Amino acid sequence: MSRAWRAATWIAPPLFCLWVYWLGLKTWFYQDDFAWLHLRFEIPERVSFWTALFAPMAQGTIRPLSERAFFMGFSALFGVDALPFRIWVFLTQFASLALLNAVTRKLTGSPVAGLLAPILWTAHSALAVAMAWTSAYNQVLGGCLLLAAFYLLVRHIETGRRGFWIGQWIAFLLGLGALEINVVYPTLAAVYTLAAARRHFLKVLPMFLPAAAYLWVHQHLAPPASSGIYGVYLDGALPTTLWKYWEWALGPALLERVPLLPGWVVAAGTASLSAGLLGFAAWKLKRRQWIAAFPLAWFMIVLGPVLPLREHVSDYYLTVPLAGLALLGGWALAEAAGRNWPWRAVAAALAGVYLVSSLPQARSWTRSRYERAREVRKLVLGVAHAQRIHPGKPLVLLGVSDDLFWAGVFDNPFRLVGAHEVYLAPSSDAVIQLRPEFGESADYVLPGKIALTALANQQIVVYQAGGRRLRNVTALFEEIAARLWAPEEPRLVHVGNRLFAGQLGPGWGDIEGRHRWMSRDATLRLGGPTGPGQSLFLGGYCPAGLLAQGPARLAVAVNGQRLGSSELRLGDHRFELEFPLPDHLVGLPVMDVRLELNRTFTPPGETRRLGLVFGIVRVR
Amino acid sequence: MRKLILLFSLIALLLSAALVSGGCRRQERTRLEVTEEEPPVLASVVHVADPAAAAQLLKGFHGLEQGSWRWTAGSFAVALQPPARAAERGARLVVKLAIPDVVLQRLKALTLRATIDGTALPPETYSRPGDHVYTREVPSSLFTGKPLVVDFALDKTFAPGGGDQRELGIIVTTIGLEAK
């Protein structure tokens, strides 16, 4: 093998990756990215540094390296410039490709297989999420550390050098901070040593101890959900879920999303690729090359932790497991290349089926994510510009589509660029899908009456999204808003927001930050419930001083009728109280709400008698 | 392999240094998206795919599809510039719309109503799929020199299902006021 060919086998996979996912390198932030980007701003007021780094967040995940430290570190250096984040993601993936190349060479003895395995892995469309969404860096880093640990194990077995052994431990332990599924590494190491290096089997067993400790801590800090989209179901659905992942892993089944494609084409593609891969592995096993079972074991073991998530079957979970099948596929192709033409033809045909079904999807999904992020960038950085032109004025947005809302509004990216009061225009949530598992779009909408008053008082600026740029349409809306927006009483009052001041009666203090203190009693006005079974929600903060003489009691009345009362026992804690609303209030245009505390207190250095701190009152 | 690892490490180190050293400056230089502050010039006819006309789509329009059309929600509204001499002669409201077969299979028939400043225009019911044009006379009395706000309402909507729970009504390509 010439020097140039050798170099090419290492350089070709990263170049191929760049070609397939080029737009991923230029993709801006969207969705969860904004929650992670904001994390560092919550230190130390809302959370401590250690809580930010290690507390379970986002469906109970704890990924200090791949999410918390990555986003906090890079955003501290680069703010909302996504390019450095993306370059780092690609560099990590290039390292993974080199590791898969090296591992494949070691296991198969074939440089051609080493070249093909990372290319087959890269070609799979399941990688599009990881390569075009910064929040999915956990998959990239987790995969890299898993491959690194395994490569170092192989090298240790090969050379006996202690440095590789220590390196393997470090990569394994770091991997636990990147992605939960790395907890399976000791199982991978055990299976590998059983298949290829039995005298090392006992040596890898101690790695199960930190894995078990990690599982125990994880279970303790973030118990798995028993229901809902992230519910863990150890039931008869596991084989069905596994089959679904197997179909997707081979490629053709992902074409089911392409309209007008006959079902038999997909089934035939899946069957032929299954026969090719499993047949090759069986042939090798028959010749007592036990290592041929390892790539399949990799796929099964690494996929194992997500199989019980039957309500959340997602192709992006295939990112790391696919490395195993790519290894087997690369090996099979390399073997076929050295045989007579019928084998070469069969191998080429199967590779063609795989690439035709995966590669175009990988590129088109990357493009769609890039385009989505481009719209989000236009909105967020447009809002930043608008806020500079109109400092201190709340901004109201029109023309936000469903996709733009969930990708670029819901996680409140505007606070990252200094815009803290950004609302959707009245009734603009009609085009936004309900996703109660995430939150309510209605929370982002400025009620019609508030918007009309604020517009008349020149307190807000209205912008239209969805065009080439964000466009100021305040002048147009000053003419037409009264004909468009219904002046209904709001069913949501942000007590500490000046736009809502007109809804408040006596008993409230001045705005402090985003809140107001209430005295012993306070009143406000809200629209009535829109249907039966709705409740009045109160959200705020209970100072410890109020509870110095024992629990405090807050009573709530609507239109003079007592709704109930609630006892507050936790000092210096947020509270959220719910009072069911009687059905006879349904449809009332206005309700007078009265809040009454059984005591007040005077903090040191104050002269006022104070009660609770309020943030929000709403009907839902 | 060792050489390769060294090479990768060196590249990563150099890139890290470059990224970090440039970090603070880049953060300052994050380019904002310039907004258009001039009030929009309204058109009498709005093509829903035209980015320049986005400001006239006031509510109830979903995102652009295939670069040429939009789904509406059950209620939608546009702002239109009155055509020349509309205050004397009135104008004609023209909506170019389409109703896919799959929609009418579910809903059987759809009725579209238009209202201008509280004045309801005669509704129309569609029970056949395909392209349609909703045309109504707008009396001159409704033109006061201000932009016209036309509110539309459908009597039924549907959700596509399969993860897409959007409230969908009809497909619209163009809404406009034609001079008489």
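This is a predicted model: local features need pLDDT of at least 70, side-chain atom pairs count only at pLDDT 80 or more; totals for chains, interfaces and linings use all residues.
Trainee: In what order do the elements of chain B run from the N terminus on?

Mentor: The order is α-β-β-β-α-β-α-β-β-β-β-β.

Trainee: What makes β4(B) and β7(B) of chain B a pair?

Mentor: Two strands pair if DSSP finds at least two bridges between them. Strand β4 (residues 91-99) and strand β7 (residues 130-138) are joined over nine bridges, in the antiparallel sense. The requirement is at least two, therefore β4(B) and β7(B) count as paired. Within β7(B), His132(B) is the bridge partner of Leu97(B).

Trainee: Why are β4(B) and β9(B) also called a pair?

Mentor: Eight bridges link β4(B) with strand β9 (residues 171-179), again in the antiparallel sense. Since the definition asks for at least two bridges, these strands pair. In β9(B), Gly176(B) stands opposite Val94(B).

Trainee: Which residues form the covered face of β4(B), and which the uncovered one?

Mentor: Ala91(B), Leu93(B), Val95(B), Leu97(B) and Ile99(B) form the covered face, while Arg92(B), Val94(B), Lys96(B) and Ala98(B) form the uncovered one.

Trainee: How many residues does each chain bring to the contact between chain B and chain A?

Mentor: Chain B brings 41 residues and chain A brings 46 residues. On the chain B side, α1 (2-29), β2 (57-65) and β3 (69-80) each supply at least two residues, and α1(B) gives the largest share, nine residues.

Trainee: How do the residues of that side of chain B divide by type?

Mentor: They comprise 23 nonpolar, nine polar and nine charged residues.

Terms used. Residues are numbered from 1 along each chain as its sequence is written. Chains are lettered from A and ligands numbered from 1 in the order in which they are written. Helices (H or I, at least four residues) and strands (E, at least two) are DSSP runs, numbered from the N terminus. Two residues are in contact if their C-beta atoms, placed from the backbone, lie within 7 Å. Ala, Val, Leu, Ile, Met, Phe, Trp, Tyr, Cys and Pro count as nonpolar, Asp, Glu, Lys and Arg as charged, and the others, Gly among them, as polar. A residue is buried if 20 or more other C-beta atoms lie within 10 Å of its own, exposed if 12 or fewer, and partly exposed in between; C-beta atoms are placed from the backbone.
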